[in-house]
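I opened my notebook to jot down what I looked up in this structure. The sequence and the model come first, then my entries.

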Protein chains: 2
Amino acid sequence: MLRAGVDLGGTKIQTVVVDPEGNVLGQCRLPTPQDLGPPGVLDAIVDSVRQSVADAGVAPGQLLGVGVGSPGQIDHDAGTVSHAGNLPDWLGTIEVAAPLRAALGVPIELANDVQVGVMAESRLGAGRPYSSMLGIFCGTGVGGGIVIHDELWLGRGAAGEVGHMVVEPDGAPCPCGRRGCLEAYAGRAAMEAEARHRIGKGKHSDLIKIMEKKGRTRMSSGVWAKALEKHDHLAVHLIDRAVWALGLAAASAVNLLDVEAVVIGGGLGTRLGPPFADRIREAMLPHLILPEKAPQVLSAALGDLGGAMGAALRVEHTVPPPGDLGAVADPDA
Amino acid sequence: MLRAGVDLGGTKIQTVVVDPEGNVLGQCRLPTPQDLGPPGVLDAIVDSVRQSVADAGVAPGQLLGVGVGSPGQIDHDAGTVSHAGNLPDWLGTIEVAAPLRAALGVPIELANDVQVGVMAESRLGAGRPYSSMLGIFCGTGVGGGIVIHDELWLGRGAAGEVGHMVVEPDGAPCPCGRRGCLEAYAGRAAMEAEARHRIGKGKHSDLIKIMEKKGRTRMSSGVWAKALEKHDHLAVHLIDRAVWALGLAAASAVNLLDVEAVVIGGGLGTRLGPPFADRIREAMLPHLILPEKAPQVLSAALGDLGGAMGAALRVEHTVPPPGDLGAVADPDA
């Protein structure tokens with residue numbers, strides 16, 4: 001029985017169709033429509049699921065369900081997504097599960113985008129050999145997740161906010177409105193704001209030129225990677241700063257949790273790859289209480305498909321297994 | 001069936017005898033012998049167990065076992081304690097379980113002193129209503145423990161080192177040899193070193209006078225409490241600094257773990273009590289990503305007996321239940 005998973009992001013919608021072993025049979029990547037509001041985004045999700053199902057050579061009816069990993073606040077029972085600032089015009093609370101179910105005719109599972117990405121790395125990716133791990137996902141912001149005994153630890157629903165561990169009291173301004181959080185140093189939005197601020201003050205850098213040449217309006221992970229490749233001083237300095245902050249936060253988290261592995265993912269983490277993970281490990285070591293028992297620090301292994309694969313994994317959580325679908329309830333059970 | 005628990009510390013040995021519901025039926029507190037080396041410490045443990053058993057009005061043979069919470073590195077299977085710097089002349093690895101078992105005639109369970117203290121607060125103390133909590137124990141150092149799904153999370157054996165979360169990069173020197181750890185601000189050893197350093201540089205303070213009047217050679221929790229009561233400027237400043245650091249570390253840990261409660265214990269935490277916990281909560285709030293869902297911050301409820309009660313709880317872990325004691329093994333089982 002096949003499952004689809006959707007990674008809903010502010011710039012793209014990535015969808016996969018996977019078999020029970022987690023093999024990707026089909027996929028589709030569409031840009032997130034920027035001018036049509038939530039209905040346009042929902043239509044694009046439906047399109048992307050249909051295209052990946054076609055890519056897999058199957059019919060939508062063969063899907064056990066579709067998992068959707070979304071930013072914002074997820075109300076799983078209501079099937080809604082609220083306050084997803086990264087999604088275009090996504091104000092207030094938007095119904096997601098019901099319209100997708102109506103269009104696709106299969107059960108829909110909503111979950112937090114970072115949590116499903118971490119779970120995918122734990123089950124199918126870099127964290128597979130370990131029963132405990134910390135995922136640190138650097139994208140526009142910095143999210144994360146804790147896996148303990150092979151399961152996500154959600155706390156009261158909001159665990160894993162590694163991006164808001166404080167690495168420097170009264171430090172750099174964070175998009176969350178506070179200061180000195182990890183995200184203030186290692187999230188793309190904060191890094192771009194700092195870069196623009198320094199360029200505005202006369203610091204030389206090719207970051208904006210590279211961005212424009214790539215036809216972007218934002219400093220994407222590819223822009224940072226290109227600038228590093230060209231040894232752009234400002235980019236090198238701001239990535240150094242991100243590595244420093246990631247090492248500090250990872251060390252504090254490891255001293256607290258003593259997990260077997262730290263997996264660095266997200267758009268920026270995936271793009272900068274194993275050398276970035278190695279540098280974070282070096283930055284972490286001096287702050288570990290047991291450096292001789294340092295955990296593995298690994299780059300996420302599933303790349304851009306991780307979020308969608310993790311969303312597909314969610315389908316198993318509440319949908320009855322295939323044999324039970326449509327089974328008559330036994331009143332004596 | 002009764003159990004005894006021993007809290008082995010550098011200055012005192014606290015023992016309790018508890019019934020299956022955790023009620024304390026007998027107790028004894030002896031000074032830790034300073035001049036007789038490990039054998040003298042072991043003799044004192046035996047004495048304290050015998051005296052608490054007598055205090056409970058029972059015989060040593062009625063004990064299911066004795067749990068010992070100890071500083072240093074515990075090898076549970078070997079029954080040894082290594083590198084317990086707080087214990088007099090405790091160099092290398094010392095056999096603890098075998099000599100105690102020989103003297104008392106009952107099974108001995110060794111465990112980490114902070115871990116048993118946190119577990120006691122979770123099962124019997126301030127953390128009882130919650131299935132997840134973070135314990136922060138401020139004593140000579142700062143230790144801690146994480147309770148998840150009502151069980152201690154030990155990671156690969158060393159989880160809970162909240163005292164070595166970094167609160168200020170390149171900050172105050174920590175007894176661990178690093179800088180800026182929570183313990184560098186909120187552990188008594190580091191606080192005393194800082195106080196003596198500032199007094200040596202001419203800062204006025206009555207901390208040393210109060211210490212000497214109490215007949216102490218170290219600034220115990222009682223010395224700090226007395227100095228606060230007298231509004232000693234240096235003591236007030238250093239406690240303010242400890243509260244600041246505890247609030248920061250608690251916030252980072254809560255953003256990561258989203259636990260229901262934070263329990264402040266240890267000698268200093270217990271002595272300064274609920275007003276200290278309330279101040280830590282206030283210091284934590286500005287750094288929480290979800291301040292509206294702030295966890296409870298509570299003062300440890302079991303006071304000086306918590307460590308010994310937690311050690312007694314350990315007995316259940318590996319000793320067969322009463323009905324199985326002495327039972328003939330069934331070869332068909």
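**Entry 1: the model.** I'm working with a predicted model.

**Entry 2: two helices in chain B.** I looked up how α1(B), residues 37–56, sits against α2(B), residues 97–104. Their axes are 10 Å apart and the packing angle is about 40°. Angles from 65 to 115 degrees would count as roughly perpendicular and those under 35 as roughly parallel, so I put α1(B) and α2(B) down as oblique to each other. I also noted that the crossing of α1(B) and α2(B) is right-handed.

**Entry 3: who meets whom.** From α1(B) I found Leu42(B), Ile45(B), Val46(B) and Val49(B), and they meet Pro99(B), Leu100(B), Ala103(B) and Leu104(B) of α2(B). I sorted this contact by class and got eight nonpolar residues, with no polar and no charged ones.

**Entry 4: chain A on chain B.**

**Entry 5: where the chains touch.** I listed 33 residues of chain A in contact with 33 residues of chain B. On the chain A side, β10 (142–148) and α8 (233–257) are the elements that give two or more residues. The largest share, seven residues, comes from α8(A). By class, I noted 18 nonpolar, eight polar and seven charged residues on that side of chain A.

Key: Residues are numbered from 1 along each chain as its sequence is written. Chains are lettered from A and ligands numbered from 1 in the order in which they are written. This is a predicted model: local features need pLDDT of at least 70, side-chain atom pairs count only at pLDDT 80 or more; totals for chains, interfaces and linings use all residues. Axes are lines fitted to C-alpha atoms, for helices over the stretch in contact, and angles run from 0 to 180 degrees between N-to-C directions. Helices (H or I, at least four residues) and strands (E, at least two) are DSSP runs, numbered from the N terminus. Angles under 35 degrees count as roughly parallel, over 145 as roughly antiparallel, 65 to 115 as roughly perpendicular and the rest as oblique. A crossing is left-handed if the near helix is turned anticlockwise from the far one by less than a right angle, and right-handed if clockwise. Two residues are in contact if their C-beta atoms, placed from the backbone, lie within 7 Å. Ala, Val, Leu, Ile, Met, Phe, Trp, Tyr, Cys and Pro count as nonpolar, Asp, Glu, Lys and Arg as charged, and the others, Gly among them, as polar.
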